[in-house]
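Here is a short briefing for a first look at this structure. It takes the strands, then the aromatic rings, then the pocket.

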Amino acid sequence: MNIKTILAGLFLVVASFLQAQTAGEIMNKAYNQAKIENKNVLLIFHASWCGWCKKMEKNMEDPLVKDYFDDNYIKVFITVEERGEKAKLNTPDGDKLVEKLGGKNQGLPYWVILDENAQVLKDSKFEGENIGSPASAEEVDLLISILESTAKNTKINAEKIKQVFLLKKNN
């Protein structure tokens with residue numbers, strides 16, 4: 001056997017183990033981890049083309065607030081609404097889960113905070129509309145109130161959340 005044949009065989013074996021997990025499998029793992037770590041689950045539905053999704057993820061990873069999110073939430077990302085060649089990036093059954101959780105046709109990112117028993121605590125809708133990645137003062141204040149009511153471990157620093165999430169306008 002030549003090296004190409006061996007590598008091709010190895011690739012097929014590895015690929016079979018790396019099949020995409022379904023949304024249900026991902027969520028079950030998150031719920032179990034939330035029980036172990038005494039946290040809630042922050043589920044974010046996103047897509048590769050979504051600029052606001054990238055902004056939300058970047059904001060949560062900002063050093064000013066990253067520890068807060070890590071201390072209080074198991075963060076889960078489910079990919080939905082990919083099209084064309086990128087449709088293969090969609091999380092299997094992610095479309096069913098976003099619909100079940102009230103996010104169908106709400107835009108992205110759509111996020112939901114759930115407890116370790118899969119009970120919805122809060123979502124990103126305000127007066128029936130998805131705020132997605134909060135950026136305005138009103139949206140960020142809503143985010144802060146949601147985080148205050150769902151955090152289990154570390155108290156929120158509202159000023160840091162505002163500093164990171166408020167969209168700065170250039171004058």
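Two strands count as paired if DSSP finds at least two bridges between them. With that in hand, E3 and E4 form a hairpin with five residues between them. The model is predicted.

- Strands of a sheet pair through backbone hydrogen bonds, either parallel or antiparallel.

**Strand E3 and its partners**

- Strand E1 (residues 40–46) is joined to E3 by five bridges, and the two run antiparallel. Here phenylalanine 45 stands opposite tyrosine 110 in E3.
- Strand E3 (residues 110–114) is joined to E4 by three bridges, again antiparallel.
- Isoleucine 113 stands opposite lysine 122 in E4. Leucine 114 has valine 120 in E4 as its bridge partner.
- In the turn between E3 and E4, alanine 118 has a positive phi of about 70°.
- E3 is mostly covered, with five of its five residues buried.
- In a regular strand the side chains alternate between the two faces of the sheet.
- Both faces of E3 are covered. Tyr110, Val112 and Leu114 are buried on one side, and Trp111 and Ile113 are buried on the other.

**Aromatic rings**

- A search of the whole structure turns up five aromatic pairs.
- One of them joins tyrosine 68 and phenylalanine 69, edge-to-face, at 5.5 Å centre to centre with 80° between the planes. Both residues are buried.
- Phenylalanine 69 also pairs with tyrosine 73. This pair is tilted, at 6.3 Å centre to centre with 40° between the planes. Tyrosine 73 is buried, as is phenylalanine 69.

**The largest pocket**

- The lining residues divide into two nonpolar, five polar and five charged.

How values were computed. Residues numbered from 1 in each chain as written. Heavy atoms only, no water. Phe/Tyr/Trp six-rings, centres within 6.5 Å; stacked < 30°, edge-to-face > 60°. Buried < 20%, exposed > 50% of the residue type's maximum accessible area, 1.4 Å probe, protein only. Nonpolar A, V, L, I, M, F, W, Y, C, P; charged D, E, K, R; others polar. Helix = DSSP H or I, 4+ residues; strand = E, 2+ residues; numbered from the N terminus.
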